[in-house]
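Please view the sequence and structure below before reading on.

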Amino acid sequence: MARAALTTDGVVDVALRAIDEKGPAALTLSAVADRAGVATPSLYKHVRNLAELRDLMSARIMNEIADQVGEAVLGRSADEAIRALMVAWRHYALHHPHRYSALVQTPEPHTAEAGARLINIMLATFRAYGMADSAAIHAARCLRAAVHGFAVLETEGAFGLPEKLDESYDLLIHMMITGLRAPR
């Protein structure tokens, strides 16, 4: 990347490629600068520090997840939408395991808008179950915990028993849908 072409988005692109190849632990400003073909101080025109770069990367990753989930649920409702949402989220994590593990899970200013997009998609799917307000927020937390927990365990190879993971995930989807249908 030529020095004149370096932008904040370009720095994020380079950083994402770096973690895709080597994992989030290998991410340093020096490594990003080397990949971009610039000296490390040149990055400070675009990001204040490594923490800000991680936040910007997280916003990009969260937007990618929201894009895939949003596309998956489009035109679907209720059980079909929940299944599509959960499958799309897991698919992202499995196909981008290093990006997914680099995602900063705490709300940060850069990720707030992207996180709100994903939450709003979930909240919209819950309307088919008559959920709104705090009931929908609780359901969103449960769904996020279920999908995220499964995805993290799967991408880290933590499921060692021989049963097929797709069958376990189908059961998780069934459990979530059954729970959403249950009277409260």
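The points that follow are grouped by topic.

The model is predicted. The protein chain has nine helices and zero strands, and a nonpolar core of 59 residues is the largest one.

**Overall architecture**
- From the N terminus on, the elements run α-α-α-α-α-α-α-α-α.
- Taken along the principal axes, the C-alpha atoms of the protein chain fill a box of roughly 60 × 40 × 25 Å.
- Among contacts with a separation of 6 or more, 69% are between residues 24 or more positions apart.

**Nonpolar core**
- In soluble globular proteins, nonpolar side chains tend to be buried together.
- Within the largest nonpolar core, the residues that touch the most other members are Leu43, Leu53, Ile65, Leu85, Met86, Trp89 and Phe126.
- Two or more residues of this core come from each of α1 (8-22), α2 (29-36), α4 (50-73), α5 (78-95), α6 (97-102), α7 (109-126), α8 (133-155) and α9 (165-181).
- The element that gives the most is α4, with 10 residues.
- Leucine 53 touches Val11, Val12, Ala15, Leu29, Val32 and Val47, with residues up to four places away in sequence not counted.

- Of the 184 residues of the protein chain, 41% count as buried.
- The accessible surface of the protein chain comes to about 9,900 Å², and carbon and sulfur atoms account for 56% of this surface.

Conventions. Residues are numbered from 1 along each chain as its sequence is written. This is a predicted model: local features need pLDDT of at least 70, side-chain atom pairs count only at pLDDT 80 or more; totals for chains, interfaces and linings use all residues. Side-chain values use heavy atoms; hydrogens and water are left out. A nonpolar core is a set of buried Ala, Val, Leu, Ile, Met, Phe, Trp, Tyr and Cys residues joined through side-chain atoms within 4.5 Å. Buried means under 20% relative accessible area, exposed over 50%, partly exposed in between (1.4 Å probe, protein chains only). Helices (H or I, at least four residues) and strands (E, at least two) are DSSP runs, numbered from the N terminus. Contact means heavy atoms within 4.5 Å. Accessible areas come from the Shrake-Rupley method with a 1.4 Å probe; for residues, only the protein chains shown count as cover.
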